[in-house]
Amino acid sequence: MTQPPTLQDVATRAGVSIATASRVLSGTDNVTQRTQNRVRKAVTELNYVPNAKARALRKQSSEVLGLVLPNFHNPFFLELIEKTVIESKAHGYRMVITGGEDTFQESEQLATTKAVDGLLIFGARTDETPNWKLLETFPVVFFDRAPESASIHDIAINHRAGARIVTQHLISVGARTLLHIAGPHHLGVSAARRNGFNDAVTEANNKRPDTILSAEIIEGDFSMESGAKAARRYVDTHRGAPAGVFAANDHMAIGAMNELRNLGYEIPNDVLVAGYDGIASTALIQPSLTTLVLPIQNMAKQAVTLLINLIENGLDSTGAEPIELTGTLRIGGSTTQP
């Protein structure tokens with residue numbers, strides 16, 4: 001029996017993303033007329049009919065989305081909350097926000113009590129075991145840290161490539177001894193950023209074997225305090241500071257900068273420092289922090305649109321592919337000479 005066409009089929013035929021096809025069919029006005037015409041043409045050609053059962057259930061819904069975070073002290077998460085709330089409101093949904101170390105437990109509570117229509121989950125740990133039945137039967141979209149499964153919808157960032165870009169920048173401006181302050185080992189994003197750092201170091205050493213780079217990795221926990229401790233530990237061990245520091249998030253980078261200053265080093269004259277995430281405060285400190293700016297607004301838009309599409313159209317998640325986004329290097333005063 002031939003399966004009826006899905007919104008994915010419409011999107012593929014029109015040459016657009018599912019999120020864009022959903023916006024066209026829901027009547028939002030932030031899509032060009034040319035794209036709208038392509039989507040509507042695909043609908044006609046495929047004889048696509050939105051899932052009636054899903055729409056019926058939608059009418060009985062709470063019109064509330066759940067956002068689950070691992071903590072609230074990371075400024076990156078605060079910016080993410082702001083963007084997802086704004087995007088949810090634009091679609092007529094409210095947002096419930098919760099958090100805790102066990103993101104899957106928090107998610108299960110929201111889903112089983114029917115408090116929300118769908119879930120956005122950020123911060124899934126690699127050592128957590130998800131409730132696969134929940135993920136298969138309830139609308140869920142992951143921000144970046146999804147468990148490995150072909151059926152999971154994930155708005156992903158290529159952290160390995162981003163970390164490689166930041167490290168290459170430090171090397172290009174003269175850093176020959178490098179410290180990477182990594183994130184917690186149980187998080188996939190930490191491993192990806194660590195791998196990107198190693199990639200850049202290996203690549204540089206292969207190109208210039210006559211000037212081998214010295215590189216060290218010290219694990220932090222994404223807090224400012226752990227960044228400071230890592231910087232001091234390096235200085236105590238080596239009786240001197242590294243030429244360049246790449247921290248796996250901006251908070252740790254700022255902590256490292258402050259500690260290095262306390263130890264008598266000038267930024268960037270003595271030590272070059274770079275972070276990752278692109279939180280707003282990095283442009284305000286002195287010197288401003290070089291960082292890999294993540295597309296938070298685009299992440300929020302893509303995730304909320306995809307989740308609402310799952311809620312309203314009842315998409316089968318089989319064969320779901322992650323939507324991969326990339327960050328942009330913003331060079332600040334922490335790696336450039338005045």
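**View 1. Glu45 pairs with Arg13.** In this predicted model, a salt bridge joins Glu45 and Arg13, with 2.7 Å between the closest N and O atoms. Glu45 sits in helix H3 (residues 33-46) and Arg13 in helix H1 (residues 7-14), so the bridge ties together parts 32 residues apart in sequence. Glu45 is partly exposed, at 43% relative accessibility. Arg13 is also partly exposed, with a relative accessible area of 46%.

**View 2. Glu45 pairs with Lys41 within helix H3****.** The closest N and O atoms of this salt bridge are 4.0 Å apart. Glu45 and Lys41 are four residues apart in helix H3, so about one helical turn separates them. Lys41 has a relative accessible area of 53% and counts as exposed, whereas Glu45 is partly exposed.

**View 3. Arg13, Lys41 and Glu45 form a network****.** Salt bridges link these three residues. Glu45 bridges to Arg13 and to Lys41.

**View 4. Arg160 pairs with Asp199****.** Here the closest N and O atoms of the salt bridge lie 2.6 Å apart. Arg160 belongs to helix H8 (residues 159-172) and Asp199 to helix H9 (residues 188-207), so the pair ties together parts that are 39 residues apart in sequence. Arg160 is partly exposed, at 39% relative accessibility. Asp199 is partly exposed too, with a relative accessible area of 25%.

**Whole structure.** A search of the whole structure finds seven salt bridges. Among them are Glu45 with Arg13, Glu45 with Lys41 and Arg160 with Asp199.

How values were computed: Residues numbered from 1 in each chain as written. Predicted model: local features only at pLDDT ≥ 70, side-chain atom pairs only at ≥ 80, totals over all residues. Heavy atoms only, no water. Salt bridge = Lys/Arg side-chain N within 4 Å of Asp/Glu carboxyl O. Helix = DSSP H or I, 4+ residues; strand = E, 2+ residues; numbered from the N terminus. Buried < 20%, exposed > 50% of the residue type's maximum accessible area, 1.4 Å probe, protein only.
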